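Thank you all for making time this morning.

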Amino acid sequence: MSNFYQLSKEELTKKLSSRDINVGVVGFGYIGCCIGAYMAGRGLKVTGIDTRDSIVESINKGNPVINEPGLEKLVSRTVKDGFLTATKDFSSLKNSDVILITVGTPLNDDFSPSMDEIKSASRYLGKYLSKGQMVMLKSTVPPFTTENVVRPILEEESGLRAGVDFGLAFSPERIAEGRALEELGSIPIVIGGYDKRSSEVASEFWKNIVGVETIIVSDTKTAEMTKLADNLWIDLNIALANELAQLSHKIGVDVLEVITAANSLPKVRGNVNILNPSMGVGGYCLTKDPWFVHNLGKQYGLDLKIPVTSRKVNDYMPKFTFDLIKECLEKSGKDIRESNVAVLGLSFKNSTGDVRYTPTKYAIEYLKDSGCNLRIFDPWVTKEETATVTNLSQSESLEAAIQGADAIAFFTGHPEFVEYPKAKIKTLVKKDCWIIDGRNAFNPKDMKDFGFNYVGIGR
């Protein structure tokens, strides 16, 4: 039985320094796997809990089911060394000092958050919860979820009391796909405890194990709101960049030149910081968290405009990008219905195979409906994941995808694409081939020097 929550600060520091810690991670998808593998790499015994056989079997063979830089090597090593294991058996959580909940919170059809996975995970966990354990919810959730949803279920199932028998806190994950392992060890960790002791224990855990700054806020709902504020800011900022890109395209200026110059203006605690535009926003958080904020506002009689606006702007970008491809072909006197178009990149951002809510899905649908001869390729995305984006099969190689292309649409800036020899591309495509840079990953001058017709998003 763990006594982690009841340890004095001195005892806690000693235990953490010795790395004699067992951690349970409930939900071993993208976030759970990254966090679990990272902590196992720091010398903790980590057990990943997931209800999906495919994930459990794959992890125990040392193979993560997601493509994230550095993750495969880390999972392979920590499984081999005995620090990481996966199971469907919730009873294994009895041995855990710290338990992290990282299950999903998808949107319902009415854009309200679905709490089904959170409730189910809490119920199963509650059956095996022991005195002295520290529970932290890391899933992105609306305010009051930890206190009013998770806590009552844990207490009902276990017969224990939060803040007395076990610790309870909300600590949002703030990492970005493609940089997850790097950012786990560098981004400050926000903590909101159900009680003061929970905040302190959670803070000591993260400071000692990860070695980053911890920011303790007043309570769980403040921490929950912090995560939503982060993602709403990002989505809105990208929406600003995307509308600037649309206007820049119309008036013939380079939006990145505009943004770079604009970002030189000092303002309060830093400079203006407009992010970069792209062919769309994807991923599990930015596409749904603004709706969490909007739905929360409705519950309190507020018709919040910003979340809806940012979502509408960013959801429009795949259509804008399709229209850009069509416009480019027309400039060369070509009908899109008779053109060869290659889409390179299916994931929603560079250097990751994550296709959850990828905007590429919608751009591909527009292209399919246009009647063009369409080929697709992404070396980061598996056959199984490709099927969640489109019913098209991937080309066997980049070369096969772009052979004879009238237009190449780069929907990610994977290194394999950016570093591919431009001279070789020239030998494979039509003489007047267009490069449509959906991620502004290339230097326009370089592409034009190679003789390509080039256009970026707002460039």
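This is a predicted model: local features need pLDDT of at least 70, side-chain atom pairs count only at pLDDT 80 or more; totals for chains, interfaces and linings use all residues.

Let me begin with one side chain, Arg 174, which is partly exposed, because its relative accessible area is 25%.

Which residue does Arg 174 pair with? Its partner is Asp 230, with which Arg 174 forms a salt bridge whose closest N and O atoms are 3.0 Å apart. This pair links distant parts of the chain, since Asp 230 sits in helix α9, residues 220–251, while Arg 174 belongs to the loop between β6 (167–170) and α7 (180–184), and the two are 56 residues apart. Asp 230 is, for its part, partly exposed, with a relative accessible area of 26%.

If you stay with Arg 174, you will also find it in the lining of the largest cavity, together with Lys 138, Pro 172, Glu 173, Ile 175, Glu 183, Leu 184, Ile 187, Pro 188 and Ile 189. The structure holds one cavity of 30 Å³ or more, and about 90 Å³ of space lies in the largest cavity. By class, the lining of that cavity divides into six nonpolar residues, no polar ones and four charged ones.

Glu 183, one of those lining residues, has a salt bridge as well, formed with Arg 179, and there the closest N and O atoms are 2.8 Å apart. Are these two partners buried or exposed, or something in between? Glu 183 counts as buried, because its relative accessibility is 10% and the cut-off for buried is under 20%, whereas Arg 179 is partly exposed, with a relative accessible area of 39%.

Let me now move to helix α12, which covers residues 306–331 and contains both Arg 311 and Asp 315, four residues apart, or about one turn of the helix. These two residues form a salt bridge, with their closest N and O atoms 2.9 Å apart. Arg 311 counts as buried, at 1% relative accessibility, while Asp 315 is partly exposed, with a relative accessible area of 47%.

Finally, please turn to helix α2, residues 30–41, which has twelve residues and reaches 17 Å from its first C-alpha to its last, close to the 16 Å expected. How many of its residues are buried? Ten of the twelve are, so α2 is largely enclosed by the rest of the structure; among them are Tyr 30, Cys 33, Cys 34, Ile 35, Tyr 38 and Met 39. Just after this helix, Gly 43 takes a positive phi of about 95°, and with that I will stop and take your questions.

Notes. Residues are numbered from 1 along each chain as its sequence is written. Side-chain values use heavy atoms; hydrogens and water are left out. The expected span of a helix is 1.5 Å times one less than its number of residues. Buried means under 20% relative accessible area, exposed over 50%, partly exposed in between (1.4 Å probe, protein chains only). A salt bridge is a side-chain nitrogen of Lys or Arg within 4 Å of a carboxyl oxygen of Asp or Glu. On a 1 Å grid over the protein atoms alone, a cavity is a set of points where a 1.4 Å probe fits but cannot get out, and a pocket is an open set with protein on both sides within 12 Å along at least five of seven lines; lining residues have an atom within 4 Å of a point. Grid points are joined across faces, edges and corners, and a volume is the space filled by probe spheres set on the points. Ala, Val, Leu, Ile, Met, Phe, Trp, Tyr, Cys and Pro count as nonpolar, Asp, Glu, Lys and Arg as charged, and the others, Gly among them, as polar.
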